[in-house]
Amino acid sequence: MIINNFISFAKKKVEAYKNYYESWKYERKLFSSIKCGNKKYKEYLRCQLDRTLSKKQRDDAYNRVKYLLSKFVEKVNHPKDAKILSVGCRNMYEIQAFHDMGFKNVTGIDLFSENKSILVMDMQNMTFEDNTFDVIFSCHSLEHTHDYKKAISEFVRVAKDGSVLVIEVPVNYETGGSDLWDFESLENLKKIFQPNTGRVLFEEYLRNDAKNNFDGTDIIRIIFKIEKEDVVWIK
Ligand SMILES: C[S@@+](CC[C@H](N)C(=O)[O-])C[C@H]1O[C@@H](n2cnc3c(N)ncnc32)[C@H](O)[C@@H]1O
């Protein structure tokens, strides 16, 4: 009995140290890859990283990603060699969902990476050239940014003129923890992308109990073209 208790205690300790070491490793990589500026911003990045690491093995987002992707395929019918950026993909489940649909040219960005398809990069300060991607896919990531105007400016900068933006975010929910923004409505989301909001190809607002809403909150989904005339850059 005493031996069993000791073994169980020792196992828990080892597990706790392993988790601690892993977080430390990812944090070092994050802060060496990303210009984090002031202390407040570093705290923001650390909070986002801790939160996502606690979920890193889970595939519970696979259904919502699959659904959003199926809407993209249905409404846009993009060539399979399209260059796609998946913002805040977390793990390989999201990238795999693209591969399963035949899209192989997919780059993910997040605050940690376990695979070379995912780059450690801040959505507010990307290192890609201007006009790089045909599709920008952001499923439940834009609400996590520190300054959404900067992130949006980066989405537009790295997107090609006439490319497609695919977004899903929770709305009318209680912000807090790592969920920082509530964009409230489709109209509002379109407005904050102005003057780059082009033709809308698909949009829906789903209440939390609606079919095809895989989350516990109301959500909005929108797919629209990005138009790059009259771009105002935020630096
Ligand atoms: C709620 S998860 C979404 C994961 C996946 N896209 C999905 O739909 O389930 C949000 C992801 O955004 C990432 N993230 C938060 N802030 C970020 C930033 N500034 N730059 C890049 N990724 C960020 C988090 O690390 C996390 O993996």
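Does C139 count as buried or exposed? With 23 C-beta neighbours inside 10 Å, C139 counts as buried, the term being applied when 20 or more other C-beta atoms, placed from the backbone, lie within 10 Å of a residue's own, with exposed meaning 12 or fewer and partly exposed anything in between. The model is a predicted one, in which local features need pLDDT of at least 70 and side-chain atom pairs count only at pLDDT 80 or more, while totals for chains, interfaces and linings use all residues. Residues are numbered from 1 along each chain as its sequence is written.

Keep C139 selected and display strand 4 (133-139), where C139 has its place; strands (E, at least two residues) and helices (H or I, at least four) are DSSP runs numbered from the N terminus. Leaving aside neighbours within four places in sequence, C139 is in contact with R64, V65, L68, E94 and E168, contact meaning that the C-beta atoms, placed from the backbone, lie within 7 Å. For a distance to check in the viewer, take the C-alpha atoms of C139 and I109, which are 30 residues apart along the chain and separated by 12 Å.

Next, select helix 3 (62-76). Its buried residues are R64, V65, L68, L69, K71 and F72. Just after helix 3, N77 takes a positive phi of about 50°.

Now turn to the ligand. Of the 20 residues around the ligand, T52, A61, G88, R90 and C139 come nearest, a residue being near when its C-beta atom, placed from the backbone, lies within 6 Å. Helix 2 (39-53), helix 3 and strand 2 (106-110) each supply at least two residues of this shell.

Finally, colour the protein chain by its domain assignment, which gives domain 1 (2-53) and domain 2 (62-226), the bounds coming from an automatic or database assignment. The C-alpha centres of domain 1 and domain 2 lie 27 Å apart, and 15 residues of domain 1 are in contact with ten residues of domain 2. On the side of domain 1 that touches domain 2, the elements giving two or more residues are helix 1 (2-33) and helix 2, of which helix 2 gives the most, with nine residues.

Methods:
Two residues are in contact if their C-beta atoms, placed from the backbone, lie within 7 Å.
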